[in-house]
Amino acid sequence: MAWDTASAPHKLFRRSRWQLTVWYTGVMTVVLGISGFCVYEAIAHAHRVTADRELKSVAETIHSALEKTLAVDQPIDEVSPNLLPNLCVAGEGCLVPFERSRGHHGETLYRGSYYIRVLDPTGELMATAGNYPTGLPVTSTDPAWQNLKDEAGNEYRQIAIPIKTSSGDVLLATLLVGRSFDDFAHYLATIRWIILLSLPITMGLIAIASWWLAGLALKPVRLSYQKIQQFTADAAHELRTPLTATQATTESVMRLPKISDAEAREMLQVITRQNHRLANLVSDLLLLSRLDIQTPPAKTHCCLQDILSDIEEELAALAIANNVYLILDQPKTPAIIVMGNEEHLYRLVFNIVSNALQHTPAGGKVSIRLQQAVRKTFPEGEKNQALVTVEDTGVGIAPEDQIKIFDRFYRVEKDRSRQSGGSGLGLSIALAIAQAHGGNIQVQSKLGQGSVFTISLPISI
């Protein structure tokens, strides 16, 4: 049963990690899919625009030559063979099969594969030149840009430009210039395969990264959950102790047939003491809860000299009882003022000083010192700070315990036992109060040489 209880959170976090991984991978798949499609369309559009621009440039060059030739009634074969290669005038039977040029690496992608057709004003074929595509129909001249296919299903792009007289009122012929898009289709097919093959590989890498990121994201949640579990277990244990003592006392009273007044008073004192301990523990837990949710207390201007004097006066009896010297060293003027809750600030210093008194052996010394200093803080820069230093000559704290003493319910086994009456929340409350007031607590300690706690609080100017 204990194994099931322990494994339940592990299963929960593992399932959550898988869910985050799947969601993140799915979202990235959609994003990359859309991105891949957009990249493909951008590449295709860029090549279409480039091909159309090149096709139009070739057509305009040929158009200029034909316009000069036809405008003066010269035969079409007078045009330079460089512009009209393999020229064939209609009716001469010289058409040759179209041989698609694959181009070369050193040439542009769309170089070659051009064909030229010249139509008379009635739409009849006058002449052809360049590479003649087999089975490509002679289409109308409207619209100017057309997409065609031959008998083999190869795609062609064609532009139609009218050839007119210099006055522009008589149509002499229509020039059709086109080229094969076979190379373009092969290029786009290669791009599609690259995108399709890279997508699953990329998804695999994203899935691995998602699993790692999900674990990274859940790590603080897991740590918080473990702290909550530990806090709940510790709180339950602390609450059970006075409740068990109270229950045992009442049950023992109920089993007695008769009870004297002295015995009744003694048992009531036990119950009162345990109830007082229980009330203090509940009060501490409620205070920590309010500080955790950052409920802002009422803040006023508080004089630290007055607070420290009150603490010295209240703890003087405890110091005498423990045979410990309690010393307060603070300037009388000027008054060091901080903005905060006076009750909480009192509790902050009181917890640390009382903790020092309880763990300083007889004949030792506890010193409280107040001073003003300038410290560099981010992002405000230099800022006036009030420093309250509590130094004792106690047994000290081991280095491995110094990073844990502010944890809730944490006790150093040798020195923070439950027999001292503490709940293990004093230093946790002190740190929470200091941080709620914009300050902090630092500790320096060596075993056998005592400890120094330094409280820093921003001064109200």
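View 1. A disulfide here requires a pair of cysteine sulfur atoms within 2.5 Å. The structure has 0 disulfides. Cys303 is in none. Cys302 is buried, at 1% relative accessible area. Cys303, at 17% relative accessibility, also counts as buried. Buried means under 20% relative accessible area, exposed over 50%, and partly exposed in between (1.4 Å probe, protein chains only).

The model is predicted: local features need pLDDT of at least 70, side-chain atom pairs count only at pLDDT 80 or more, and totals for chains, interfaces and linings use all residues. Residues are numbered from 1 along each chain as its sequence is written, and side-chain values use heavy atoms, with hydrogens and water left out.

View 2. Helix H5 covers residues 342-358. Its 17 residues should span 24 Å at 1.5 Å a residue, and the end C-alpha atoms are 24 Å apart, which agrees. The expected span is 1.5 Å times one less than the number of residues. Helices (H or I, at least four residues) and strands (E, at least two) are DSSP runs, numbered from the N terminus. Asn341 caps the N-terminal end of H5. A side-chain oxygen of Asn341 sits 3.1 Å from the backbone nitrogen of Glu343. Buried residues of H5 include His344, Leu345, Asn351, Ser354 and Asn355.

**View 3. The salt bridge between Asp52 and Arg157.** The two side chains meet at 3.0 Å, N to O. A salt bridge is a side-chain nitrogen of Lys or Arg within 4 Å of a carboxyl oxygen of Asp or Glu. By this rule there are 2 salt bridges. Asp52 belongs to helix H1 (residues 2-71), and Arg157 to strand E5 (residues 155-164). The partners are 105 residues apart and link distant parts of the chain. Both Asp52 and Arg157 are buried.

**View 4. The salt bridge between Asp329 and Arg369.** Here the N to O distance is 3.6 Å. Asp329 lies in strand E8 (residues 325-329) and Arg369 in strand E10 (residues 365-377), so the pair ties together parts 40 residues apart in sequence. Asp329 is partly exposed, at 41% relative accessibility. Arg369 is partly exposed too, at 30%.

View 5. Most residues other than glycine have a negative phi, and most peptide bonds are trans. Asn323 has a positive phi, near 55°. Asn323 sits in the loop between helix H4 (304-321) and E8. At 45% relative accessibility, Asn323 is partly exposed. Thr333 and Pro334 are joined by a cis peptide bond, with omega about -5°. Pro334 is in the loop between E8 and strand E9 (337-340).

**View 6. The largest nonpolar core, around Phe453.** This core has 49 residues. A nonpolar core is a set of buried Ala, Val, Leu, Ile, Met, Phe, Trp, Tyr and Cys residues joined through side-chain atoms within 4.5 Å. Leu304, Leu348, Ile352, Val353, Ile441 and Phe453 touch the most other members. Leaving out residues up to four places away in sequence, contacts of Phe453 include Ile352, Val388, Ile397, Phe406, Leu427 and Ile441. Contact means heavy atoms within 4.5 Å. A second, separate core of 20 residues includes Tyr114, Ile163, Ala173 and Val177.

Notes: Polar contact = N/O pair within 3.5 Å; in protein donor to acceptor, adjacent residues only side chain to side chain.
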